Amino acid sequence: MAKKEQTFKWYVLKQKLVPYLFMLPNLIIFGLFIITPAIMGIYFSLTSFRGLGDTPTFVWFDNYRDIFTDADFLAAMWNTVRLVAVTLPIVFYVSLGLAVIISKELRARGLYRAIYYWPVMISFIVVGLIWQWIFHDTRGYLNGLLTTIGNWRIWETALFELPLLNRIDIGPVRTLRSPTFAWWGVVFLFTWSRAGYYMIMFVAALLSIPPALYEAGELDGANRWQKFIYITYPSLKPARLMVFILAAMEIFKIFPHIVQFTGGGPFDATMFQVQYIYEEAFTYRNLGSASAMSVVMIFMVMIFTGTVLLLSRRGGEE
Amino acid sequence: MKKFLALSLILMLGLVIAACGEREQPDMQMMWFSDGIEGEVMEDMLERYREETGVWIELFEIGWDDYETRLGTMVDGDDAPDLIRTTEGVMNNFKEHFVSLDGVYDEAGFTNIFYNDDNEPIGLPMDVTANGLYVNLELLDAHEVEYPVHDGENWIFNGEERVWTWTEFVTEMEKLVGAEGVTYPGTYDPQGHRFMPMIYQQGIKIWDEPFVSTNLTSDEAVAALTLLQDFYHGDLVDDAPIANWNPGGAPSNFETGMYGFHMSGNWFASDYATLDFDWTVAPMPTGETGVRATLLGGKSMSAMQGENVDMALDFITWLAEPANHDEFNNGVPFLSGRIGAEIDFGELEGPYQVFQDEINATPAEYAADWLQMTQVVGIYPIINDMVQDVADPDGLTPLEALEKAEQAIMDSLEDN
């Protein structure tokens, strides 16, 4: 009887212990490489640490006070918020649209999937480099093409004597030197490089919608649009939430693309928070101040994510 | 299948054993950055040093953009290199980590020596650098742009024995605006360092009283920065390198052959030797006072605190020997930090004579003034911000940018 009891206790213990043992390796890695640096970051944010073997001296909240009077940091923060506000809906709906299109029975559907997913496999640095080659003001392919077309002036030939076209002066345009062009270039570059990734998430979610729902909809006389609005879109709620949060966090953290694409320019027009923090830490060697900026950024992302989760719960089951 | 598995296992085992095998380790490591071929020249010298002494020094290169960041990480990780190629900025930012070279070489035989707070040298001057103006002769001649020429004794401009002024420079270079085959009249390295001679050319020092007050908000400094701002806003200079902070952009521009001038320094001369158009170095213009000035700088060899200090100092002693020192500067070629060194510049003799002439024409008090300026912690980012602020069409006025820079210098002096 005692043996039986001991075996049962051991069984219960195993039931409780084993899951934690499986989680242990990941917890150790998470603790060492995520939690510890995060705590160190909070500690450094309260000091005047400059790196280079410097001993951190407590300045308490001075760094926080200073960064909120730093006009350049506030500009980078505002720029990041604007980027999230503009890019997030674009990436979200482009990836959803692509997912809906390639989930249909199309010829060479696999090829389309590969094409749309292909930019995801390119490293961020290379993405930045590719588009810099294309958009560079003086050596870029875009301006090279415009110059060639401008010199070509086919419409001035006898064959195309069109008065309207003759008035068009085609030539190089200001690309990465223009703050507006560069900023929207970042929006385009991010969308191009990441939409495929979120598309795959939507495709997985789309394929898991029971066909019976569509059959029921058809019986009720629903058209394509109504089926999308009343069946597809609500069924995608968990995927939508995940894509929304993941994409937002990724845009908040945007950095390697930009360093290669615009370098944060022209004149800081594409200077976002992470690059600013990086430069504060490693160019100006203010690791304390940079840590405070990172903490502020974490809070921003947490508030955003929390709000999204709260709103999604309030909405209840659609 | 079994055979395949057995073979795979043997292969993996072999790889693991090979990976665990002891690799021969160098005796010391040297951190390096290159603008041209100087890394290759140093590699050859290290090979010879190994043959002579049996000491193996491994050279590893880091791009200049990441140089100080990587060094900082290595110092923090207690993994600093034994030897390192340094600039004044690097020596200043890390000065407590360098070994004193007091007595290691004869200081009287060298120029441009950088000292730590205890007035001990912490670098062996290797090559001397000077800012200068590269011009594309083919483009300038094609568009009848006048520039000073040397008659063997003096610079002649407009029939007079003198160099040009900035006003005359602008008048001449404006001939290239919109001209055929010209992208922009000129291109300028984005670093604030390239602008600073313009302040001296106005006839003033930057320090009013060293480490106490500056002349940065004087009329002369404002005039100098206004000139630079006009270059950018008036389309005389391509603003892409500074707008997108791309230091490599300016030399790339010049290499296209579609820019009339490139404001930079002697370190690009060896790279430009292979260009397929005629170019030379022209003297930099002066302010209305007629004062000529360049910004002297240089690269040094320093030893860092660590386990191999004695070996590192032995190498520096060896490197300071005239024959070895000259081998490096002749190999590139570079202007030498060794007084009396005879360097064969080969086909670059003409351009280097101009750089040497710029150095000779620079008043000694300006050279000393700049050396003191390099001792301000974080001076380079401060002056970089300053020029970027005025190049920005929506940025600051020259006076505002100079006031901001002055404040940042004072803050740095107070903090450090």
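**Figure 1. Crossing of helices α3 and α8 in chain A.** In this predicted model, the axes of α3(A) and helix α8 (residues 179-207) of chain A come within 7 Å and cross at roughly 45 degrees, where axes are lines fitted to C-alpha atoms, for helices over the stretch in contact, and angles run from 0 to 180 degrees between N-to-C directions. That angle makes α3(A) oblique to α8(A), because angles under 35 degrees count as roughly parallel, over 145 as roughly antiparallel, 65 to 115 as roughly perpendicular and the rest as oblique. The crossing in which α3(A) passes α8(A) is right-handed; a crossing is called right-handed if the near helix is turned clockwise from the far one by less than a right angle, and left-handed if anticlockwise. The contact of α3(A) with α8(A) comprises 20 nonpolar, 4 polar and 1 charged residues, with Ala, Val, Leu, Ile, Met, Phe, Trp, Tyr, Cys and Pro counted as nonpolar, Asp, Glu, Lys and Arg as charged, and the others, Gly among them, as polar. Residues are numbered from 1 along each chain as its sequence is written, while chains are lettered from A and ligands numbered from 1 in the order in which they are written. Since the model is predicted, local features need pLDDT of at least 70 and side-chain atom pairs count only at pLDDT 80 or more, whereas totals for chains, interfaces and linings use all residues.

**Figure 2. Packing of helices α3 and α11 in chain A.** Helix α3 (residues 71-103) of chain A packs with helix α11 (residues 237-252) of chain A at an angle of about 140 degrees, their axes lying 9 Å apart. α3(A) is therefore oblique to α11(A), and the crossing of these two helices is right-handed. From α3(A), the contact draws on A:Thr80, A:Leu83, A:Val84, A:Thr87, A:Leu88, A:Val91, A:Phe92 and A:Ser95, and from α11(A) on A:Val243, A:Phe244, A:Ala247, A:Ala248, A:Ile251 and A:Phe252, two residues being in contact if their C-beta atoms, placed from the backbone, lie within 7 Å. By class, the contact of α3(A) with α11(A) has 11 nonpolar and 3 polar residues, and no charged residues.

**Figure 3. The loop between α12 and α13 of chain A.** A:Gly265 and A:Pro266 are joined by a cis peptide bond, with omega about 0 degrees, and A:Pro266 lies in the loop between α12 (256-261) and α13 (273-282) of chain A. A:Phe267, which also lies in the loop between α12 and α13 of chain A, has a positive phi of about 50 degrees although it is not a glycine. Most residues other than glycine have a negative phi, and most peptide bonds are trans.

**Figure 4. A cis peptide bond in chain B.** B:Val332 and B:Pro333 are joined by a cis peptide bond with omega about -5 degrees. B:Pro333 lies in the loop that runs between α13 (322-331) and β14 (335-336) of chain B, where helices (H or I, at least four residues) and strands (E, at least two) are DSSP runs, numbered from the N terminus.

**Figure 5. The boundary between the two domains of chain B.** The domain assignment, which is automatic or taken from a database, divides chain B into domain 1 (24-128 + 297-356) and domain 2 (129-296 + 366-415). The centres of domain 1 and domain 2 of chain B, taken over C-alpha atoms, are separated by 27 Å, and 21 residues of domain 1 are in contact with 19 residues of domain 2. On the side of domain 1 of chain B that touches domain 2 of chain B, the elements giving two or more residues are α4 (88-93), β4 (124-136), β13 (296-303) and α14 (349-361) of chain B. Of these, α14(B) gives the most, with 5 residues. By class, this side of domain 1 of chain B has 9 nonpolar, 8 polar and 4 charged residues.

**Figure 6. The contact between chain A and chain B.** Across the interface, 16 residues of chain A are in contact with 17 residues of chain B. The side of chain A that touches chain B has 6 nonpolar, 8 polar and 2 charged residues. Chain A has 14 helices and 0 strands, whereas the secondary structure of chain B comes to 17 helices and 14 strands.
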